[in-house]
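Subject: Structure handover

Hello,

Here is the structure I promised to pass on to you.

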Amino acid sequence: MSAAEQGAVTTDDIVDAARAWIADDPDAETRAELQAIVDEAAAGSPDALDDLHSRFDTRLAFGTAGLRGEIAAGPNRMNRVLVAQAAAGLAAYLNEQASAGRADEQPSVVIGYDGRKNSDVFARDTAELMAGAGVRAVLLPRLLPTPVLAFAVRYLGASAGVMVTASHNPARDNGYKVYLGGADEGSQIVPPADAEIAAHIDRAAQGRVSDLPRSDAYELADESLIDAYVAATAAVAGPLTTAGTGAAPLRVVYTAMHGVGWPTARAVFEAAGLPAPVTVAEQAEPDPDFPTVSFPNPEEPGALDLAFALARETGADLVVANDPDADRLAIGIPDASEQGYRRLSGNEVGTLLGWTAAEQAREAGVEGVLAASIVSSPALRAVADAYGLRFAETLTGFKWVSRVPGLVFGYEEALGYLVNPLTVRDKDGISAATAAIALAQRLHADGRTIADRLDDFIRQFGAYASDQISIRVTDLERIGRIMAALRAQPPVTLGDVAVSRIDDLRDGSPELPPSDVLRIVLQDGSRVMVRPSGTEPKLKIYIDAFDDAAPDVAGRRAAAEARVAALGEAMRALTDVTAG
């Protein structure tokens, strides 16, 4: 809607709303930012008025992913006002649960934060407001990875946890993730808790945040909590050996992607007896501007360029990368490509770690479940079947994976892995890195590599190939048009392969809650999943294919990859047509 279409009355109303926000905002930077826009709008600037509407016509929605958005003034941005309202709403929810006898008599919350802009400020605001509302508040002693916060919820027996982070979002963003203790065991929130907390936040937003009670009577967590996380996570490595070939020690390159992972990861690797990695110095320290990457996500093209360059210099056997809050993991291995290394897909890493977990479960005589999100590769199901374990599919989002009963290992293809569910109930890039380096170390001692292990998998289980298409949009309605068109006129073929069936998960199923997902199953066993992203303005398409007919590893891999490529071309063409 243009400024002219919004009208004079609307202009007065939104300017008044912005001025009321300024009067209640405790942050001098966002007050000044908004005042400049108000002045321009009052002087008749249509661009300034459009900016105010972008900030004030709606507010950031609180859901199962908590809050996430650009740091700026207004209810549709991340700022101290919105965080105060969220803290007050969560405190009211926790007090309500306690008064209803569904939680501890005095509820408690543990709060963590990463190195993004204002993360420490948002965390301290939350601690003061929680304490002011009568909730026992424990603030982690310094900026730390998200998995440490998830661990702390269980370790301290807290009613809830808050992590201030935007994970791998752009530098201008921040966010607010909420975990629940008790029966939820430190997992991220799911319905109906998200809606109940959101309702309390909306009520808090009706008043002034300057009127909310604050207290400095919150606690700082002891360093022993971090020590406990380090010890529990180091145990993931299991027994190691350097005997065998007499070759040089395993050489590892590590990058923290300008995030908070390295100090904790270093302590875990040392405690586990793993080889000390060489770090990408330019990315080792937290930097909220992420100056060496255009997008601080290990999945993005170019994000690992510095790590691969250092790997070439040092002759590394393995590249390990965490995202900025260290809950995700990327792995790179030597390759014949121009860069000399390639990043393994999330499905490749998830399958390798899941296979290792299945072997360890068999050795220990443990029964349990391997789990993956519905858009992850079907390969893990084959592993579960081969090792007598159960397999569970969940909706996308680790809040679902982490809640699977009897979980031994779980993952999602977006570089999220849970190798130690008895310790943490969330994806953990540090424990996953520990497991991956330990696997590489054991292989190295036998004169073998991660690439060899991938070939072993194809020999035993067949080749599973995967790809993902992300359609980034500026007009969110385009995503809705594509989904509606696919439902109204579902494809009968993709490329030269007939569609066997289409499962619409919008209404849910006996196994899965409702979700805006289409699952297209083809007659050759290939699969295509289509869904809107839950955190970004993207439509995501996931493609999986399989081959075990070819007589050798190379043939199986080539056949599966060819099927995926053909399906990718067909889906790109189909979505171009349906977007119209």
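Helices and strands here are DSSP runs, helices (H or I) of at least four residues and strands (E) of at least two, numbered from the N terminus. As background, most peptide bonds are trans, and most residues other than glycine have a negative phi.

Please keep in mind that this is a predicted model. The mean pLDDT of the protein is 93, and 96% of its residues reach 70 or more. Residues 1-9 are a stretch to treat with care: their pLDDT is below 50, and beyond near neighbours in sequence they have 9 contacts in the model. Where pLDDT is low, the predicted coordinates should not be read in detail.

Serine 167 is not a glycine, yet its phi is positive, about 55°. Serine 167 belongs to the loop between strand 4 (160-164) and strand 5 (173-180), and with a relative accessible area of 1% it is buried. Phenylalanine 290 also has a positive phi, near 45°. This phenylalanine is in the loop between strand 9 and helix 11 (305-314), and its relative accessibility of 4% makes it count as buried.

A phenylalanine and its contacts

Which residues does phenylalanine 62 touch, leaving aside its neighbours within four places in sequence? The contacts are Leu67, Val178, Ile189, Asp194, Ile197, Ala198 and Ile201. Phenylalanine 62 itself is in the loop between helix 4 (46-56) and strand 1 (67-70), and it is buried, at 12% relative accessible area. Its C-alpha is 7.9 Å from that of alanine 195, although the two residues are 133 apart in sequence.

Helix 3 (residues 28-42) has 15 residues, and from first C-alpha to last it reaches 21 Å, close to the 21 Å expected at 1.5 Å a residue. Its buried residues are Thr30, Leu34, Ile37, Val38 and Ala41. Why do they sit on the same side of helix 3? They cover an arc of only 105° around the axis, and that puts them there. In general, an α-helix has 3.6 residues a turn, so residues three or four places apart point the same way. At the start of helix 3, aspartate 27 brings a side-chain oxygen to within 2.8 Å of the backbone nitrogen of glutamate 29. After the helix comes glycine 44, with a positive phi near 100°.

Helix 16 (residues 450-461) has 12 residues and reaches 16 Å from its first C-alpha to its last, close to the 16 Å expected at 1.5 Å a residue. Ile450, Arg453, Leu454, Phe457, Ile458 and Phe461 are its buried residues. Seen down the axis, they fall within an arc of 145°, so they line one face of helix 16. Threonine 449 caps the N-terminal end, with a side-chain oxygen 3.3 Å from the backbone nitrogen of alanine 451. Just after helix 16, glycine 462 has a positive phi of about 95°.

Strands and sheets

Strand 15 (residues 407-412) is largely enclosed by the rest of the structure, because 6 of its 6 residues are buried. Strand 15 pairs with strand 13 (residues 369-373) in the parallel sense over 4 bridges, and leucine 407 is the bridge partner of valine 369. With strand 16 (residues 416-418), strand 15 pairs in the antiparallel sense over 3 bridges, where glutamate 412 stands opposite glycine 416. The hairpin of strand 15 and strand 16 has 3 residues between the strands, and leucine 415 takes a positive phi near 65° in it.

There is also an open sheet of 5 strands, in the order 9-8-10-11-12 and with mixed pairing. Strand 9 (278-279) and strand 12 (341-343) stand at its edges with a single partner strand each, so one side of each is left without a neighbour in the sheet. Within this sheet, strand 10 (residues 318-322) and strand 11 (residues 329-334) run antiparallel and are joined by 4 bridges. Alanine 321 has alanine 330 as its bridge partner in strand 11.

Best wishes

Key
Residues numbered from 1 in each chain as written. Predicted model: local features only at pLDDT ≥ 70, side-chain atom pairs only at ≥ 80, totals over all residues. Heavy atoms only, no water. Expected span 1.5 Å × (residues − 1). Buried < 20%, exposed > 50% of the residue type's maximum accessible area, 1.4 Å probe, protein only. Arc of directions from axis to C-beta. Polar contact = N/O pair within 3.5 Å; in protein donor to acceptor, adjacent residues only side chain to side chain. Pairing = 2+ DSSP bridges. pLDDT = per-residue confidence, 0-100. Contact = heavy atoms within 4.5 Å.
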